[in-house]
Amino acid sequence: MPRLSYAAPTSVPDAIKLLAGAAGLAKVMSGGTDLLVQLRSGRTSPELIVDTKKIPGIVGIRETESGFVIGAATSGAEIGEHAGLCAAYPGIVEATNLIGSTQVQGRASLAGNLCNASPAADSVPAVIASRGVAIVVGPNGQRSVPVEQIVTAPGRTSLAKGEFILEFHLPKPKAHQSDAYLRFIPRTEMDIAVVGCGVSVTLDDNGVCIDARVVLGAVAPTQVVVEAGAKALIGSKLDEAALAALDAAARAACNPINDKRGTIDFRVKVAGVMARRTAAIAFERAGAR
Amino acid sequence: MSKIHVTTTVNGEPAEFLCEPQESMLDVLRDTLKLTGSKEGCGSGDCGACSITLDGRLVCSCLMLGVEAEGHSIGTIEGVARGDELHPIQRKFLEHAALQCGFCTPGLIVAVKALLEKNPNPTETEARFWIAGNLCRCTGYDKILRAIMDAAAELRGEVAA
């Protein structure tokens, strides 16, 4: 087995060259909270680790004319401390801050959570719900990819050899737009979602929903955008009929596994409940904005 | 391939070491720098016994590569006391008997110090959530929480030391 090497390039072209030029498996490292566990257990045996954190701009949050730019390797702790992002996208912040412990928050990143490609990743449904876009760089240049197109299966992404995520773009929130994320776990902290749900809504001046996105995690091989759930919300003020339609749409979108965390029946039922509760929080926040 | 030379700061002092690319910061601290206060419980970021600070930010040293310390500042349990004088958090852990076997204690002290530097007046709930990643299988956490709240009060100057 070839020995592991480590590189911490200080520019995007250098990082691409290293990743694309590796003969064997090359792994991109952000916070490393998943990668180090996999290295240690032998689940992955790369020939090269490319630590991206020395690339300018890959750590940090910028507020721009068009919205927010979150560096791919920005830690959850930094995301939680950014007042502007907390106000604009409370759902993304609360989802990100649910990942692991305080210690894990000091390192874990959005790009790592996304590219580890777990169906239960907490930040991913929230970022998809708010139409987050990943800026992917690689040997063929730069492309903008809606976040829901990154994960293709558990542990697999659509990134090609030599590609990595540089940053995430979030649009400037509209008037009366907000988001929320909830997950079900059997205890209060330090666990993996049995069901996760991200909802983003935009209301008009009368409190009627004019735009919505509903995204489920941990109930299918990849995150699920529940189009019928969004349709159930649009045009409503979140009355019981809309909630019942959302609940049914969320349950219908599930394709879960049975495991020690939850049975198929349980996950399906809880998906409906989580969708109702998350939508209620998103509506309340959007109405207050 | 030869070992990598790393120049860093540990507990305020310049430090350098050689390490393999896959070596964790915890292994470097314990085996190379002989700072054995940080413990290995799980090696997967669940137990918090290896807690250190990286540029002031609380992290698990088992989830960090030694080579990542290059140019950064590391804080460990060995840097908490001032010579022979215990930090108030350490003293309160002793006064409240907030430990039994002691394996989780260094990590908890480092975590609590990071908490109180960020939030000098935490509620008990905030303190409990902050240390959710520090597992103690002896105490049931009650005495740990009393020690944290008492240390926080003392550090705010609310009670006589």
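A crossing of two helices is right-handed if the near helix is turned clockwise from the far one by less than a right angle, and left-handed if anticlockwise. In this predicted model, the crossing of α10(A) and α11(A) is right-handed.

**Helix pair α10(A) and α11(A)**
- Helix α10 (residues 240–252) and helix α11 (residues 264–287) of chain A pack with their axes 8 Å apart, at an angle of about 140°.
- The two helices are therefore oblique to each other, since angles count as roughly antiparallel only when over 145 degrees.
- From α10(A), the contact uses Leu243(A), Leu246(A), Asp247(A), Ala250(A) and Arg251(A).
- From α11(A), the contact uses Val268(A), Ala271(A), Gly272(A), Ala275(A), Arg276(A) and Ala279(A).
- By class, the residues of this contact are seven nonpolar, three charged and one polar.

**Helix α1 of chain A**
- Helix α1 spans residues 12–21 of chain A, and its buried residues are Ala15(A), Ile16(A) and Leu19(A).
- Viewed down the axis of α1(A), these buried residues fall within an arc of 100°, so they line one face of the helix.
- An α-helix has 3.6 residues a turn, so residues three or four places apart point the same way.
- Pro13(A) and Gly21(A) are exposed, on the other side of α1(A).

**Contact between chains A and B**
- The contact involves 22 residues of chain A and 25 residues of chain B.
- On the side of chain A that touches chain B, at least two residues each come from β1 (5–7), α2 (35–41), β3 (48–51) and α6 (102–105).
- Helix α2(A) gives the largest share of that side, four residues.
- The side of chain A that touches chain B divides into nine nonpolar, eight polar and five charged residues.

**Positive phi in loops of chain B**
- Asn11(B) is not a glycine, yet its phi is positive, near 50°.
- Asn11(B) sits in the loop between β1 (4–10) and β2 (13–19) of chain B.
- Asn11(B) counts as partly exposed because it has 16 C-beta neighbours inside 10 Å.
- Tyr141(B), also a residue other than glycine, has a positive phi of about 75°.
- Tyr141(B) lies in the loop between α4 (124–130) and α5 (142–155) of chain B.
- Tyr141(B) has 17 C-beta neighbours inside 10 Å and therefore counts as partly exposed.

Conventions
Residues numbered from 1 in each chain as written. Chains lettered and ligands numbered in written order. Predicted model: local features only at pLDDT ≥ 70, side-chain atom pairs only at ≥ 80, totals over all residues. Axes fitted to C-alpha atoms, helices over the stretch in contact; angles between N-to-C directions. Parallel < 35°, antiparallel > 145°, perpendicular 65-115°, else oblique. Contact = placed C-beta atoms within 7 Å. Nonpolar A, V, L, I, M, F, W, Y, C, P; charged D, E, K, R; others polar. Buried ≥ 20, exposed ≤ 12 C-beta atoms within 10 Å, placed from the backbone. Arc of directions from axis to C-beta.
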